[in-house]
Amino acid sequence: MSLIEQAKQKAAFQAVDEHVLPSHRVIGVGSGSTVVHVVARLLQRDPELNAKTVFIPTSFQSRGLLLDGGLTVGDVEQYPNIDVTIDGADEVDSQLNAIKGGGAAHLQEKVVAEAAKKFVIVADYRKDSKVLGEQWTKGVPVEVVPFAWKAVLKKLQEQGSKNANLRMAVAKAGPVVTDNGNFIIDAPFGLIHDPAKVLKDIKLLTGVVEVGLFCNMAEVAYFGCEDGSVTIRTK
Ligand SMILES: O=C(CO)[C@H](O)[C@H](O)COP(=O)(O)O
């Protein structure tokens, strides 16, 4: 396993061990490669405990991970009160604000995080920044309804993101289409010193469904480090 993969695993295992309690019955599960380790750790729990628990996925990918593991899945409509949600991030700042949506799943991820009593982030050392935009330079992922993408792109450029661009698919001609049938615009804003303001400004644009800025949401973040240790950042 590579250093980065080991770092992801360490952070994920420790976060599950410290935040998924035997009394919990509804657990939110984020998306991405770090969350693979979250699910692996959940599957190491007492099977009787897992049988009494419902897991709320945040994407096609995390639903598949949970189903492949034989876990029971539900949705926020059935379970609007989640005990804890654990998810990855593309970058986290010193105040625990995060950029998410590198995997285009931030709409469902935000809903499942907001429905939880506690939101926990797991990541490797490359995601740990003082200020958003230091390391994640691809931009803020913005999910938009398809027919509005050009209009929103223009507005984002007017808001200062000159290099905002429509995210294109790799093994498909045309744009990435999210699990919700929408498009993604990646909008770089350089260093983001006031993420809450950037979030608000983008969210007010007509046609925007959700912004990959998670401000004031996470209670704690676990970063797997290069030396095998785990750094824990709390509010
Ligand atoms: O926000 C996300 C998906 O929309 C992911 O949590 C984020 O991209 C981090 O992924 P990874 O753990 O693979 O680095």
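I began with Leu96, which counts as buried because its relative accessibility is 1%; buried means under 20% relative accessible area, exposed over 50% and partly exposed in between, with a 1.4 Å probe and protein chains only. I note that this is a predicted model, in which local features need pLDDT of at least 70, side-chain atom pairs count only at pLDDT 80 or more, and totals for chains, interfaces and linings use all residues. Residues are numbered from 1 along each chain as its sequence is written, and side-chain values use heavy atoms, with hydrogens and water left out.

**Entry 1: two residues with positive phi**

I found Leu96 in the loop between β5 (91-92) and β6 (98-99). Helices (H or I, at least four residues) and strands (E, at least two) are DSSP runs, numbered from the N terminus. The phi of Leu96 is near 70°, a positive value in a residue other than glycine.

I then looked up Asn216, which lies in the loop between β12 (213-214) and β13 (220-224). Asn216 also is not a glycine and has a positive phi of about 60°. Is Asn216 buried or exposed? Asn216 counts as exposed, at 60% relative accessibility.

**Entry 2: the four-stranded sheet**

I traced an open sheet of four strands in the order β9-β10-β8-β11, with antiparallel pairing. Two strands pair if DSSP finds at least two bridges between them. The edges are taken by β9 (165-166) and β11 (208-211); each has a single partner strand, so one side of each is left without a neighbour in the sheet.

I followed the pairs in turn. β9 and β10 pair in the antiparallel sense over two bridges, and Leu166 stands opposite Ile185 in β10. β8 and β10 are antiparallel over five bridges, with Ala187 of β10 as the bridge partner of Val140. β8 (residues 140-144) is joined to β11 by three bridges, and Val142 stands opposite Val211 in β11.

How many residues of β10 are buried? Five of its five residues are buried. I recalled that in a regular strand the side chains alternate between the two faces of the sheet. In β10, Phe183, Ile185 and Ala187 are buried on one side, and Ile184 and Asp186 are buried on the other.

I also checked which helices lie across this sheet. Helix α5 (residues 106-114) lies across β8, β10 (183-187) and β11, and runs at about 65° to β11. Helix α7 (residues 195-203) lies across β8 and β11, at about 165° to β11. Axes are lines fitted to C-alpha atoms, for helices over the stretch in contact, and angles run from 0 to 180 degrees between N-to-C directions. Contact means heavy atoms within 4.5 Å.

**Entry 3: Pro146**

I located Pro146 in the loop between β8 and α6 (149-158). Pro146 is partly exposed, with a relative accessible area of 28%. Not counting residues up to four places away in sequence, Pro146 touches Gly181, Asn182 and Phe183.

**Entry 4: the seven-stranded sheet**

I traced a second open sheet, of seven strands, in the order β3-β2-β1-β4-β7-β13-β14, with mixed pairing. Its edge strands, β3 (72-73) and β14 (230-234), each pair on one side only. β4 (residues 82-87) and β7 (residues 116-124) run parallel and are joined by five bridges. Asp87 stands opposite Ile121 in β7. Helix α4 (residues 60-68) lies across β1 (26-29), β2 (54-57) and β3, at about 155° to β2.

**Entry 5: helix packing**

I examined α2 and α4, which pack at an angle of about 25° with their axes 10 Å apart. They are therefore roughly parallel to each other; angles under 35 degrees count as roughly parallel, over 145 as roughly antiparallel, 65 to 115 as roughly perpendicular and the rest as oblique. The contact is made by Val35, Val36 and Val39 of α2 and Gln61, Leu65 and Leu66 of α4.

Among the residues that make the contact are Phe13 and Val16 of α1 and Val38 and Leu42 of α2.
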